[in-house]
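This briefing is for a reader new to the structure. The sequence and the model come first, and the notes follow by topic.

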Amino acid sequence: MLEKIDLKKEISDEEYKAKRDALTLSLAELQRELRAKNVPVMIVFEGLGAAGKGVQINHLIQPLDPRGFEVFTTARETEDEHMHPFLWRFWTKTPAKGRIAVYDNSWYRKTLLGRFDQDISKKQAHNDYIEINSFEKQLTDDGTLLIKFFLYISKKEQAKRFKDQLSHKGTAWRVSDGDLHRNKNYDKFSKYVEEMLQQTDAEYAPWTIVEAENEKYATIKILSTTEKYFKQKLASIAAAVPVIKDGKFSEGSYQTSSLQKADLTKSLTREEYKKQVKKLQKRLTDLHGQLYAKRIPVVLAFEGWDAGGKGGAIKRLTEALDPRGYTVNPTSAPNDIERVHHYLWRFWNHMPKDGHIAIFDRTWYGRVMVERIEGFCSVEEWERAYKEINDMESQLASHGAVVIKFWMQIDKDEQERRFTDRQNTPEKAWKITDEDWRNREKWDLYEQAVDEMLIRTSTTYAPWVIVEGNDKYYARVKVLETVVNALEKRLKS
């Protein structure tokens, strides 16, 4: 791919000025249209050292309204970033709808340099690129326009530019020993660039190779390519068919219900409950310290019927934990800021760093339950969410996280009893709303959605645990016991 590129391409001053002026006006207008259509845009600049990424980013943003974009420079991971899954720092920097994010180096840099330095194996790089492809597809499926540029120059030209930069105090700092080493081993580094391009060039996120030896030629190619993709995105929006919002349950689907098989008669006496909780909480306290020492992150996700006992189970967990080492994240309807991002964005923002525990009281599974049933997302959106969620959880597990998901199961009669109790108890009345009562009318629909969710998203790396919850004592002990057993297993491994 790279060896066939003609790096001698040039453009005359007259043609450059005419095209630049026309593209400047066009891009400014297109930015306004994209903002009006609420389209998030991500523009990636990768390339060889001294290829001119900084200069070209500056040329690109000059026509744009500075209130509508942000430029991110990707340097080495900070300590905090290193203690999260590799794509976490980029998920948290994805743009809101209508805004543009420009990346000076990106999620590709770590893997590319790691391959060259032999810090990352071919297999690990392949896994990284699979995660990157998933990341980019999730965003583009959700409506993000992703444009990727790779700026390329010859070994001779790169060496010349390094020499020029090193000869001036004001620019010498830009040239690192790593830059010089990669220039010396130019062919080897190019081989890893080819590997990256081949594994991540996709229809939804194609690479554009920019012949960057002539700055003016490179500028016009970048501006015109950006204009082309801006126009294509707007045209696709104009031609889009209306989205269908429907829960889409076929008659008789998921008749072998995991929920209906749950034995809700399981129970404990108060004495048994107190004894087991005390023992398990003591063990959990000790395990929490070991998790921190070994820097193992933990994600505990709680879903279940309204009044299913999530709060009580979470309380018994946190009573045993060091408050400095965990966070409970209650999930309600997305706020205005969360609504203008990909639905997983707000959850990525709360994933734990190494050694910490994140507990979610309701989760990303709202996409395939309440959003599906209530018509808050399209059929296409909730159908693809199963894979998106599995991919996210796989990335957490690959980073070393323990991921456990609990479904708190009660029957319809028990739910009604708890609702009535809450309604008639002043200190509990805040827990019950009219919406809770309305949701009971859709019990059968929710049950079908939950069964499909359990079947399609219970994995070896992020299993679902159905908690028989008619007896609160039994449910709380089962949650504690499950967490303790999983943490002990992880620490032994």
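Rings of Phe, Tyr and Trp (its six-membered ring) form an aromatic pair if their centres lie within 6.5 Å; planes under 30 degrees apart count as stacked, over 60 as edge-to-face and the rest as tilted. By that rule, a search of the whole structure finds 22 aromatic pairs.

The model is predicted: local features need pLDDT of at least 70, side-chain atom pairs count only at pLDDT 80 or more, and totals for chains, interfaces and linings use all residues. Residues are numbered from 1 along each chain as its sequence is written, and side-chain values use heavy atoms, with hydrogens and water left out.

**An aromatic pair**
- Phe 45 and Phe 149 form a tilted pair, with 5.3 Å centre to centre and 40 degrees between the planes.
- Phe 45 belongs to strand 1 (residues 41–47) and Phe 149 to strand 4, so the pair ties together parts that are 104 residues apart in sequence.
- Helices (H or I, at least four residues) and strands (E, at least two) are DSSP runs, numbered from the N terminus.

- Five strands make an open sheet in the order 2-3-1-4-5, with parallel pairing; two strands pair if DSSP finds at least two bridges between them.
- Strand 2 (69–73) and strand 5 (207–211) are the edge strands, and each pairs on one side only.
- From one strand to the next, the twist averages 20 degrees.
- Strand 4 (residues 145–152) runs parallel to strand 5 and is joined to it by five bridges.
- Val 210 in strand 5 is the bridge partner of Leu 151.

**Helices**
- Helix 10 (residues 186–200) lies across strand 4 and strand 5, at about 160 degrees to strand 4.
- Axes are lines fitted to C-alpha atoms, for helices over the stretch in contact, and angles run from 0 to 180 degrees between N-to-C directions.
- Helix 2 (residues 53–61) packs with helix 11 (residues 215–239) at an angle of about 50 degrees, their axes 10 Å apart.
- Helix 2 and helix 11 are therefore oblique to each other; angles under 35 degrees count as roughly parallel, over 145 as roughly antiparallel, 65 to 115 as roughly perpendicular and the rest as oblique.
- Residues of helix 2 that meet helix 11 include Val 55 and Leu 60, and those of helix 11 include Ala 218 and Ile 222.

**Around Leu 113**
- Leu 113 is placed in helix 5 (residues 109–116).
- Leaving out residues up to four places away in sequence, Leu 113 touches Arg 182 and Phe 189, where contact means heavy atoms within 4.5 Å.
- Leu 113 and Tyr 192 are 79 residues apart in sequence but 8.6 Å apart in space, C-alpha to C-alpha.
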